[in-house]
Structure formats: structure tokens, C-alpha cells
Amino acid sequence: MQPARKRFGQNFLHSPGVIARIVASLAPRPGQALVEIGPGHGALTEPVLALAGALNAIELDRDLAAELRTRFAGRGLDLIGADALRFDFASLAPPGGRLRIFGNLPYNISTPLLFHLLDQRAVIGDMLFMLQREVVDRMAAAPGDPDYGRLSVMIQYACAVEALFIVPPGAFWPAPKVQSRIVLLTPYLNLPHPAADERRFAEVVQRAFAQRRKTLRNSLSGVVTETQFAAADIEPGLRPEVLSVAQFVRLADA
């Protein structure tokens, strides 16, 4: 078995109990368009294939990809050697259908990968991921929580977020120095708070949290005027971590 490679951020899942809980949370069925990101040595691939009968998987590590192609030859696995950060997931979506994406994501690329997937959410039904616990806590945080920030706002704008169970370091080889957590993301078919211009919304959120200890008046200086704060009914003396997704949308729209 190939050892983990630091440059790919690899930590291989090996706990049968944790694997069973993840597969139960995913509940794969035949006919679904399933995509696994970073299958590694196939710890999740094996049981998911057994239930679904077919699966697409994206693996950047060429040696692991070759190992998986040999192991699962003729068993319904379509292994794609590619970088998930640059992959066009829409190319795998069935006509009129949506993808179910899952995986144990490398910690070193988890946030940019999440933003890449959000850009393609129109073809995604749901996403079940194992991530560093602190990342999941940030994704699920409510306004006013210490963990609430740019990631919270951008994820919650686009998806319903359900933080599931915690996974201890011992479930992996090699064991990471942090806890992990499973999260279920379900992109909204109809956004609860649609922004008139999503790029402007993203810019306002990014600027607001770039210096999160500053008030909105200071962090958004040159972007939002006092008149626009008033039009959005947002107090400019507030700090960004107390604003809800809906309030950020109002601010961006104003």
C-alpha cells in the first residue's frame, strides 16, 4: 500500500466503524450520479460501489489512481485522473439530473475546493464531506459566534449546512493532529436570500471580513457609502461577524 504523501495532504481513513457511519449518512443507491473526490485507497469506494453499482471518482495521485483502476476493474468505477480544484463537475452531471459528491477532502485544499464546488452548485444535489473539524464549525456557525466568518456566509448563502458527527484522529493513517467532522451540504434549489449581483455580494463579504476587528464603516470604506448603509438598514458601527446572510445581501444590493 502506498504511503501518504504530504504534498497531497493525504490521511487515509481506515476505521470500519467510521466508514460504515459515513456510508449510512450518504445512503447511496443505484442510478444516482455519485462522485467521490480523493478516493485514496478506496476505503469509501468499496462500500459505496457495493450499494450503488457505479461511481465516478477523481484522484490526482497517479499511483493511487493506477492502484484503484486495477483493484476495481470491471466493477463500475470510472476513475478520472484530475485535479478536483480545476475539474469541470458539470461534465459528469446526467441530463436533467444532479450529482451527489462525497469524499475525505485533503485539509490543505478544502476551502478553495468548496468555493470551486459552490460555483458549480447548479449541477449538484448534495455534498457529504469529511473535513477538519474547525472548518465544519466555521461553515455551520451562526452570526455572533466566534467561528462565524466569510466561509460561513458564503456557504450558508448557497447551501443548507448540517454538521454531523466528529471523527477522531485515530480513524486515519497517518493520524492527523486535529479532529475531523462530517458535514452535509445541500445546495438550495431556490436561494432564501438571492443577491442581485453575486459577484458584488462576494466582494462585500470578503472585504468585510478581511479586517474583521474593524467596524463595517472602516472595512467597507470606499465600497459602501453612509447612504447605502442607511438604505440597507445596517448600522455601520457594527462588526461583520454579527450580520446575517440576509443582511449581507441587503448591503450588497444597496
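Biologist: What makes Tyr-157 and Phe-201 buried?

Modeller: Buried means under 20% relative accessible area, with over 50% being exposed and partly exposed in between (1.4 Å probe, protein chains only). Both Tyr-157 and Phe-201 are buried by that cut-off. Bear in mind that this is a predicted model, where local features need pLDDT of at least 70 and side-chain atom pairs count only at pLDDT 80 or more, while totals for chains, interfaces and linings use all residues. Numbering runs from 1 along each chain as its sequence is written, and side-chain values use heavy atoms, with hydrogens and water left out.

Biologist: How many aromatic pairs are there?

Modeller: Five. The rule takes rings of Phe, Tyr and Trp (its six-membered ring) with centres within 6.5 Å; planes under 30 degrees apart are stacked, over 60 edge-to-face, and the rest tilted.

Biologist: Why is the pair of Tyr-157 and Phe-201 called tilted?

Modeller: Their ring centres are 4.6 Å apart and their planes sit at 35°, so tilted is the label. This pair links distant parts of the chain: Tyr-157 is in helix α6 and Phe-201 in helix α7 (residues 198-210), 44 residues apart. Helices here are DSSP runs of H or I with at least four residues, strands are E runs of at least two, and both are numbered from the N terminus.

Biologist: And what makes the pair of Phe-209 and Phe-248 tilted?

Modeller: The centres are 5.6 Å apart and the planes at 40°, so that pair is tilted. Phe-209 lies in helix α7 and Phe-248 in helix α10 (residues 245-253), so the pair ties together parts 39 residues apart in sequence. Ring pairs also link Tyr-148, Phe-209 and Phe-248 into a cluster.

Biologist: How do you know that Phe-209 and Phe-248 count as buried?

Modeller: Phe-209 has 10% relative accessibility, so it counts as buried. Phe-248 comes out at 0%, so it counts as buried.

Biologist: Which residues have the most contacts inside the largest nonpolar core?

Modeller: Phe-89, Ile-101, Phe-129 and Phe-201, in a core of 56 residues. Helix α6 (residues 150-158) gives the largest share, six residues. Apart from that core lies another, of 27 residues, including Leu-26 and Phe-72. A nonpolar core is a set of buried Ala, Val, Leu, Ile, Met, Phe, Trp, Tyr and Cys residues joined through side-chain atoms within 4.5 Å.

Biologist: What is Val-18 in contact with, leaving aside its neighbours within four places in sequence?

Modeller: Leu-13, Phe-165, Val-167 and Ala-171, where contact means heavy atoms within 4.5 Å. Val-18 sits in helix α1 (residues 16-26), and its relative accessible area is 11%, so it is buried.

Biologist: Where is His-41 found, and is it buried or exposed?

Modeller: His-41 is in the loop between β2 (33-37) and α2 (45-52), and at 10% relative accessible area it is buried. Its side chain makes a polar contact with the side chain of Glu-67 (2.9 Å). The criterion is a pair of N or O atoms within 3.5 Å; within protein, one must be able to donate a hydrogen and the other to accept it, and residues adjacent in sequence count only if both atoms are side-chain atoms.

Biologist: How many helices and strands does the chain have, and why is it called as compact as a globular protein of that length?

Modeller: Ten helices and nine strands. The radius of gyration is 20 Å, close to the 18 Å that the globule rule gives for 254 residues, so the chain is as compact as a globular protein of that length. That radius is taken over C-alpha atoms, and the rule is 2.2 Å times the number of residues to the power 0.38.
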